[in-house]
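Here are some notes to read alongside the model.

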Amino acid sequence: MKIKFWGVRGSIPTPGKNFSKFGGNTSCVELSVNNRSIIFDMGSGLVNLGNHIVKNNIKRFDILLSHFHYDHTCGLPFFKPAFNKDFKFTIRSGIEKTRSKTLEVLKKQISSPSFPITVNEFSANIKYCDFKIGRDFYIGKLKVKTILLNHPNGAVGYRVQYGKKAVCYITDHEHDLKKKDKNLQNFLKNADALIYDSTYDDKNFINYIGWGHSTWQEATRLANECNIKKLFIFHHNPDNNDRKMANIETACKKMSNNFLVAKEGMSININ
Ligand SMILES: [Zn+2]
Ligand SMILES: [Zn+2]
């Protein structure tokens with residue numbers, strides 16, 4: 001299994017030289033395994049991934065959405081494979097009581113007056129799929145487990161397993177200060193990699209209760225509690241420039257060599 005980060009920022013893209021080291025594109029992570037790519041989220045990082053897919057003629061990929069906030073979907077209308085009839089892929093999201101199905105939500109997001117084209121302009125063969133959160137499914141030989149996260153309008157966490165290897169993608173999610181989430185701990189247990197929402201830190205978290213995000217310190221606690229082999233601090237706060245991110249990276253390194261801060265362009269083999 002190989003993880004590549006195409007977008008690591010939360011909330012809004014952060015271009016500019018003060019963000020160039022860790023990266024300014026929003027959530028998009030590629031997991032390659034067994035000649036297939038799973039793409040977590042379609043943030044602005046999806047644009048560069050799309051160009052890579054076209055250039056290398058990668059044909060087997062599927063997109064798993066955590067939720068529909070714009071920082072996780074804004075890349076789709078600029079995803080070149082969507083405008084090429086030679087490509088065939090799926091976009092999946094979990095059914096939520098509070099909203100309509102995958103295709104219906106994307107139709108609304110990509111439409112007038114917010115956007116000049118509609119999803120009807122996509123010439124690729126795209127299947128829009130909805131799944132029940134909590135129920136497992138398969139993409140080829142990959143087993144996908146899902147869990148409901150604590151976020152405004154809901155979000156889905158993923159655990160993708162192939163053979164004995166497992167990678168978890170948990171964003172956007174707010175932890176509970178008062179009690180441990182046993183359900184989430186069981187979900188993450190013994191994973192080879194965890195990519196986790198680290199928007200805040202323990203000091204400022206209290207000011208953002210209800211905003212639906214977690215802290216990098218909580219990420220390290222979870223990683224220890226759940227016996228995670230490699231932790232990736234992810235969904236960086238748009239207020240955190242490279243200097244602030246480097247401080248978080250140093251603090252993480254002091255705790256463990258297996259606590260990494262995700263950077264745009266970073267590629268890691270999970271063996
Ligand atoms: Zn987000
Ligand atoms: Zn969100």
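A nonpolar core here means a set of buried Ala, Val, Leu, Ile, Met, Phe, Trp, Tyr and Cys residues joined through C-beta atoms within 7 Å. Please also keep in mind that this is a predicted model.

1. The core. With that definition in hand, the largest nonpolar core has 65 residues. Those with the most contacts inside it are Val-167, Cys-168, Leu-194, Ile-195, Tyr-196 and Ile-233. Strand S10 (residues 165-170) gives this core its largest share, 5 residues.

2. The overall fold. The protein chain has 5 helices and 14 strands. Its radius of gyration is 17 Å, close to the 18 Å that the globule rule gives for 271 residues, so the chain is as compact as a globular protein of that length. Of the 271 residues, 45% count as buried. Among contacts with a separation of 6 or more, 66% are between residues 24 or more positions apart.

3. The sheet. Seven strands form an open sheet in the order S7-S8-S9-S10-S11-S12-S13, with mixed pairing. Strands S7 (137-139) and S13 stand at the edges with a single partner strand each, so one side of each has no neighbour in the sheet. From one strand to the next, the twist averages 25°.

4. A residue worth a look: is Gln-161 buried or exposed? Gln-161 is buried, because 20 other C-beta atoms lie within 10 Å, and 20 or more is the cut-off for that label. Gln-161 belongs to strand S9 (residues 155-162), which runs antiparallel to S10 and is joined to S10 by 5 bridges. Across that pairing, Gln-161 stands opposite Ala-166. Leaving aside residues up to four places away in sequence, Gln-161 touches Leu-142, Lys-143 and Ala-166.

5. Helix H4. The buried residues of H4 (residues 216-225) are Trp-216, Glu-218, Ala-219, Thr-220, Leu-222 and Ala-223. They pack against helix H3 (182-188), strand S11 (193-197), strand S12 (230-234), helix H5 (242-255) and strand S13 (259-261). H4 lies across S11, S12 and S13, at about 165° to S12. After H4 comes Asn-227, which has a positive phi, near 55°.

6. Helix H5 and Ile-233. H5 lies across S12 and S13, running at about 170° to S13. Which residues does Ile-233 touch, not counting residues up to four places away in sequence? The contacts of Ile-233 include Tyr-196, Trp-216, Ala-219, Ile-248, Cys-252 and Val-261.

Conventions: Residues are numbered from 1 along each chain as its sequence is written. Chains are lettered from A and ligands numbered from 1 in the order in which they are written. This is a predicted model: local features need pLDDT of at least 70, side-chain atom pairs count only at pLDDT 80 or more; totals for chains, interfaces and linings use all residues. Helices (H or I, at least four residues) and strands (E, at least two) are DSSP runs, numbered from the N terminus. The radius of gyration is taken over C-alpha atoms; the globule rule is 2.2 Å times the number of residues to the power 0.38. A residue is buried if 20 or more other C-beta atoms lie within 10 Å of its own, exposed if 12 or fewer, and partly exposed in between; C-beta atoms are placed from the backbone. Two residues are in contact if their C-beta atoms, placed from the backbone, lie within 7 Å. Two strands pair if DSSP finds at least two bridges between them. Axes are lines fitted to C-alpha atoms, for helices over the stretch in contact, and angles run from 0 to 180 degrees between N-to-C directions.
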